[in-house]
Amino acid sequence: MSIVRKSYGERAKLSTNDLSKKMFDLMEKKQTNLSVAVDVTKKRELIEIADKVGPYICLLKTHIDIVEDFDNDLVEQLKRLAKKHNFLIFEDRKFADIGSTVQLQYSSGIYKIASWADITNAHPIPGEGIITGLKSIGLPLNRGLLLLAEMSSAGSLATGSYTDATISMARRHKDFVMGFVAGRRLSDREGEDFITMSPGVGLDDKGDSMGQQYRTPKEVIGACGSDVIIVGRGIYGKGKDVVKEAKRYRDAGWAAYLGRIE
Ligand code: S5P
């Protein structure tokens, strides 16, 4: 796989996927390829962190179902912060069911994810119907989907032919599938440009006690050609200064990107 030397701005111009275009444009303008994964269980904490990291991120990643005091006002506040700081919202729902079920999970229930999350993601395990189902809800709302082609955790089964089949599925739905959650750039075919977002990024630790594995922004963006670093506990973990860490990861991610395109 060759490393992409094009800037995010150039890729925005060339992209055929509306949301990728928006994402690349935002990254170029705001000079950040950092996404913060805010895995906290209290509404107030989620909003507080989102507001603090807002100026430094291109994308806020949520796990909305872990928030104990979830209500519609949380969604309204997140949307307001997204506007205030100019970032997109990614609900990391990891859908993994048949098309007809994911349609309902995406549009309905308490969370009504499709109504507020610019981006969500899905495991390709059920086959292409999962994309068709999500697309029927998301595309009319200008939403985008990431497929989990690889995972950052030790022993992940998403490797080899599974990852290859995921790329083929994405190619058949380029209007809705904007790219992948993966550890590296997966495709450099002429005329297509999937965005790659990589979790499992840390500057201080190598992993956690439950199989998470961390690499540095330099490895992920520079050597492996990914586009967005997803960082959680490295920024908001115990005793951390959230703003200081967000700046630090933003700077590290951006430096790795500049080193790659130059
Ligand atoms: O392979 C993956 C895919 C995802 S989306 N590995 C991951 O860790 N994630 C998510 O990224 C995970 O659900 C969590 O929200 C975040 C990583 O958090 P951290 O605290 O380990 O940086």
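1. Helices, of at least four residues, and strands, of at least two, are DSSP runs numbered from the N terminus. In these terms, H63 is placed in the loop between β2 (59-62) and α4 (72-85). The structure under discussion is a predicted model, and the points below should be read accordingly.

2. Is H63 buried or exposed? Its relative accessibility is 17%, and buried means under 20%, so H63 counts as buried. The side chain of H63 makes a polar contact of 3.1 Å with the side chain of D92. Apart from neighbours within four places in sequence, H63 is in contact with D39, E91, D92 and K94. One of these, D39, is also among the residues that come nearest to the ligand.

3. Q31 has a positive phi of about 55°, although it is not a glycine. This residue is found in the loop between α2 (18-30) and β1 (34-38), and it is partly exposed, with a relative accessible area of 43%. K94 also is not a glycine and yet has a positive phi, here of about 45°. In contrast to the loop position of Q31, K94 belongs to strand β3 (residues 88-95). K94 is partly exposed, its relative accessible area being 25%. K94 is also one of the contacts of H63 described above.

4. How many salt bridges does the structure hold? The count is 23. One of them joins the side chains of R11 and D193, with an N to O distance of 2.7 Å. R11 lies in helix α1 (residues 8-14) and D193 in the loop between β6 (177-181) and β7 (195-198), so this pair ties together parts that are 182 residues apart in sequence. R11 counts as buried, at 1% relative accessibility, whereas D193 is partly exposed at 23%. Both residues belong to a network of salt bridges that links R11, R185, D193, D227 and R260.

5. A further salt bridge is formed by R143 and D118, whose closest N and O atoms are 3.8 Å apart. The two residues are 25 places apart and link distant parts of the chain: R143 is in the loop between α6 (129-138) and β5 (144-148), and D118 is in the loop between α5 (99-107) and β4 (119-122). Both R143 and D118 are buried.

6. K135 and D175 also meet through their side chains in a salt bridge, at 3.1 Å from N to O. This pair again links distant parts of the chain, with K135 in helix α6 and D175 in the loop between α7 (160-171) and β6, 40 residues apart. K135 counts as buried at 18% relative accessibility. D175, at 39%, counts as partly exposed.

7. Strand β6 contains V181, which counts as buried at 4% relative accessibility. Not counting residues up to four places away in sequence, V181 touches F90, N121, L146, L147, L148, A149, E150, M197 and P199. In the case of M197, the C-alpha atoms of the two residues are separated by 4.9 Å, although V181 and M197 are 16 residues apart along the chain.

Note on methods
Residues numbered from 1 in each chain as written. Predicted model: local features only at pLDDT ≥ 70, side-chain atom pairs only at ≥ 80, totals over all residues. Heavy atoms only, no water. Near = heavy atom within 4 Å. Buried < 20%, exposed > 50% of the residue type's maximum accessible area, 1.4 Å probe, protein only. Salt bridge = Lys/Arg side-chain N within 4 Å of Asp/Glu carboxyl O. Contact = heavy atoms within 4.5 Å. Polar contact = N/O pair within 3.5 Å; in protein donor to acceptor, adjacent residues only side chain to side chain.
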